[in-house]
Each structure stands twice: as structure tokens, then as C-alpha cells.
Amino acid sequence: KKLPLTIVVLSLAVLHIVAFFVIHGNYAFGIFSVLAYLYVNYLYMKKQLKYSIVSFEFFFFVSFFLSCIVFPILPLEETELYWVSKIFGELSEGVKWRVLNLSLVGYYVYMIGLLTAKTKTEDREKVRELIVNDSFLSVSNVLTLLFIIYFYISGGMHLMNRYTGEVGYFTKYGGILSFITFFYTISSAVVAIKIGQSRHPSLSLLLSSKNTLFVVNSFLILPILLLSGYRSQFLQLVIPLLYLYVFFINRIDNKKMFLLFAIGFVVMILIGMTRGGDKATGGHDIVYYIRDFMIEDAAGVWLVDYTDANGPTGGSNAILQMVSFIPFLGGLLESLIGADKFALPSSRLFTYAYDTNGSGLGTNIIGDLYYTFGFVGVIFFMYLLGYLIRKLTYHGGLYSLVCYLLLIGNSVFATRVEYFYMVRKLGFSILIIWMITIVAGKPRYKKNNISANRILQIN
């Protein structure tokens, strides 16, 4: 008789807790850990994602593997990437195995959160019956367009030259792009809901006059993000579109999706190699091609080693991000108390330790939690992440759907930023939806009209 997946995952979590504190590990243990990680995720996807792998879980699984798991079995001390080889060359072998075990503890606890959150399939179907006024869509589309226009007139086209050193850093446009992301994501959700409620859902319905402005906005913002090399901002908008298409319009076979993701992954690598004006050439080691994730492996190891020596901050570094769920509260608190009264965010701490002329090295989600709250923080907040994702997956309304879209849009790079990075975005999105409802009216549900043949076979 097969053991329940929750028991298997829990057993692996306990194994790596013991290994973190007592055994540490070796190369053979690292191989076993990687294979076990891949196997339990296969079991999870086979059961929970059989309808579609387009989900936060799938993208996070791939990203976490590259950013937190694979590093012990790669020759990172000898790689051609300077910062990666320098950091791994400086740290002891024992630290690397401790970080691998800590990362796996965090991930398996996250999976337990996914598996233990109670959900009902009919809850997920409610959003299909959500009636949203045309004026709601019009307001969100117009606001998206206004921010896109502001983006362009403030010099957004210069992003095309960002990686050749001809303009300032991305932070100059980051705030504008954040609001574009909020409004565009809301518009995307409403468009998908309306198309899904038609007799024959199809992308051809985008050509209707009601959706013209949404299509215009898409052409104005998506190409420039892709061509400028800002893959994370591009994926924040495109992955939600893919999810909405699969959920509301037309399911895509998982085998086809795997092929599409593989092609997309290669394209993202090529963009990363050429966005600074370099040529995509061969002759590199494997680490070079996934270097965006390898530096985060190094960040995780460095942060754990730093925290073991200096202790966790107790949350001082994350307070401003945590309170930013209430829009503008983080900025207000910073202005009243002063930024120097808080510990440095893990991304800045790591970057300052290895000065790269201000370009930023990012961070690691497990290293960040360990630096913030220690071992207990890794367990608590990774479980909370899994629980929250599972609950939001069964979105019954517009608020939860948009929050899930924002999270899935960040799933590929979620392991490379601070854990509380998304808090501000979730808070702002909820506020924006509420403000639009004041102007355009609240969405409402059809009564007793959930079509049985549209129920997804998820459980």
C-alpha cells in the first residue's frame, strides 16, 4: 500500500532537520536529496496538477530547484562566473550541506502547507460565475493606459538601453511598472472571466470592441519589456495571461505545456546572455547558462553562514516590507523612524558584501528567512506560503484571483527576492480593486448557475 504523499514529505522534512543539525551531508547524500526532491514533486504534480501544470507550484518548483537545491552537485568553486566561484571557494564544505538541508526543510514544509490546506473544487468554480460590469473593465483598462503613457513620456523607452549602460538603473521606472502590473493584471482577469462565460470561449473574442483597449495596452507594454531584457517584469504579466487562458478559455495538454516551457526557458536564457550587448555563444560551462539562479545559490549559502556568525535580525530587516501590505505605511514608518534604525534587507547586505557597482546580486528566499527569523522562521513562513498558495488557487472571487495572478507572475523569480517582497503588491492590488468597485460597482455572482460540465477534476 502506498504511503500518503503528506507522510512521505513529512518524513523527508524530518530527515533533513536531523541532517541540518547533526549529519550535514556529502556528495552521495546530495544526489539522493536531489532525486527525492524531483520524485516527490512528480508525485504532487501527478495528483494535484493533472488538469494543468500552469500553476505557482510548478514554476516555483523549477525555480527553487535551481536557486536552492542543485548547487552541491555542481562544481561551483571552479565555474567561470567570478562571484559564484569566489563565494563558494571562500566558504566551508559543511556550510553548503547545512544550507542544502535547510532549503529542503523549507521546501518540504511548504509542500505540507499545500497538502494540508482544506479546499473544495466548487469554491474554485465560483469565479467562473462572477458578473463584472463592463465599466469595471473600462476603468481598469483606462488606468493601465494612463500609466503606460506616463511610462513612455517619462523616458521608459530608454529601458531598451538599460543593459548597455546608457541610462540609469531600473528603479527609475520600477514604481510606474508596478502600477502598470496592478492594473493590467486586474484587466486581464476581468477579460478572461468575460470570455470564459461566453458560449464558445476563444481568443478571437479579444477582437470585440469591449476588449480593444486591453489589446492595445498589451502591445504597448509587453514587447518593450521583452526586448529590453527585463524578463522578470515580462513574465509577471505573461504567466498570468497563460494561466487565465488555460483556466477560463481552453485547456492545453500538459505535454504541450512542458514543450512550451522548455522553449520559453531557452529563450529567457538567450535574452539574458544578449541583453547587455553580448553575443550568445557556446563554450561555457553549465553554470554559466543558469547563472541568474546560481548567484542566488551563493546568496543562500553566504546568508546562512553570516547568520550563524551574527544571529538573525528578529525581523528588523523585514518590518518595512511587512507593514507595506497597508499601502504607504512602510514609507511613512521609514520617514518617521529612519531607515538606519532597521537592519539591512538581505539583498542589500549580500550585495554590499560583494560590491558590484550597485547592480545588485539579489538574495535567496531561504537565506532571507534564516537571516530574518532563524530556523523557526524558515519552517513557519514556508508552511504559510504553501497554505496561502493552495487557498488562493481555489479563488472564489476577484480579489483572491488577482492576488493569485500576482503571485504566479512572480513564481519564477520568487526564490531570488526577499520573502516579504510581494506583500506590498498584494496590499496595493486589493486597494485598487476596492477603489474601482466604488466607481464601477461590485462584482456579483450568478445564482445557482455553476455549470457541472465545467467543474475541474482537480482532487
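Modeller: Buried means under 20% relative accessible area, exposed means over 50%, and partly exposed is in between (1.4 Å probe, protein chains only). This is a predicted model, where local features need pLDDT of at least 70, side-chain atom pairs count only at pLDDT 80 or more, and totals for chains, interfaces and linings use all residues. Residues are numbered from 1 along each chain as its sequence is written, and side-chain values use heavy atoms, with hydrogens and water left out.

Colleague: OK, why does Asp-308 count as partly exposed?

Modeller: Its relative accessibility is 39%, so Asp-308 counts as partly exposed. Arg-98 has 17%, so it's buried.

Colleague: What makes Asp-308 and Arg-98 a salt bridge?

Modeller: The term needs a side-chain nitrogen of Lys or Arg within 4 Å of a carboxyl oxygen of Asp or Glu. Here the closest N and O atoms are 3.1 Å apart, so the pair qualifies. Asp-308 sits in helix α13 and Arg-98 in helix α5, 210 residues apart. Helices are DSSP runs (H or I, at least four residues), numbered from the N terminus.

Colleague: Why are α5 and α13 called roughly perpendicular?

Modeller: They pack at about 105°, axes 9 Å apart. Angles of 65 to 115 degrees count as roughly perpendicular, under 35 as roughly parallel, over 145 as roughly antiparallel and the rest as oblique, so α5 and α13 are roughly perpendicular. Axes are lines fitted to C-alpha atoms over the stretch in contact, and angles run from 0 to 180 degrees between N-to-C directions.

Colleague: And what makes α3 oblique to α13?

Modeller: Their axes cross at roughly 50° and come within 7 Å, so α3 is oblique to α13.

Definitions and conventions: Helices (H or I, at least four residues) and strands (E, at least two) are DSSP runs, numbered from the N terminus.
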